[in-house]
Amino acid sequence: MTSTRAESTAGSNFQKDIRPLLETYCTKCHSPSRKKGGVDLSRFLDSGAVHTDPKTWETTLAQVRDRIMPPENKPQPSAEERDRLVTWIEGAL
């Protein structure tokens, strides 16, 4: 998959499929007001924003893929939601 195609795929699904997952499972702890671990995921408003900070998204990918995030005591995405997020981040990067 070429980089342009990955960006296009990522961009076409971000608002509909990815942003709601981030809002549900991530931004309560990773926002300007909380910024746990120094991470604010709420600032990424579209797929293009991912390219402004790939290190954050590489870390996010590893944490979500390895089931470190969200922590056990927080609501968990379904297997399908987690897979969707992991696949999207991989494509965007």
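Me: Is Trp88 buried or exposed?
Reply: In this predicted model, Trp88 has a relative accessibility of 6%. The cut-off for burial is under 20% relative accessible area. Trp88 therefore counts as buried.

Me: How many aromatic pairs are there?
Reply: Two rings are counted as a pair if their centres lie within 6.5 Å. By this rule, the number of aromatic pairs is three.

Me: What kind of pair do the rings of Phe14 and Trp88 form?
Reply: The centres of the two rings, Phe14 and Trp88, are 5.2 Å apart, and their planes stand at 45°. Planes under 30 degrees apart would count as stacked and those over 60 as edge-to-face. The pair of Phe14 and Trp88 is therefore tilted.

Me: How many residues apart in sequence are the parts that Phe14 and Trp88 tie together?
Reply: Phe14 belongs to helix H1, residues 3-25, whereas Trp88 belongs to helix H4, residues 79-92. The pair thus joins parts whose separation in sequence is 74 residues.

Me: What kind of pair do the rings of Phe44 and Trp57 form?
Reply: Between the ring centres of Phe44 and Trp57 the distance is 5.0 Å, and the planes are at 75°. Planes over 60 degrees apart count as edge-to-face. The pair of Phe44 and Trp57 is therefore edge-to-face.

Me: Where does Trp57 lie?
Reply: Its partner Phe44 is in the loop between H1 and helix H2.

Definitions and conventions: Residues numbered from 1 in each chain as written. Predicted model: local features only at pLDDT ≥ 70, side-chain atom pairs only at ≥ 80, totals over all residues. Heavy atoms only, no water. Phe/Tyr/Trp six-rings, centres within 6.5 Å; stacked < 30°, edge-to-face > 60°. Helix = DSSP H or I, 4+ residues; strand = E, 2+ residues; numbered from the N terminus. Buried < 20%, exposed > 50% of the residue type's maximum accessible area, 1.4 Å probe, protein only.
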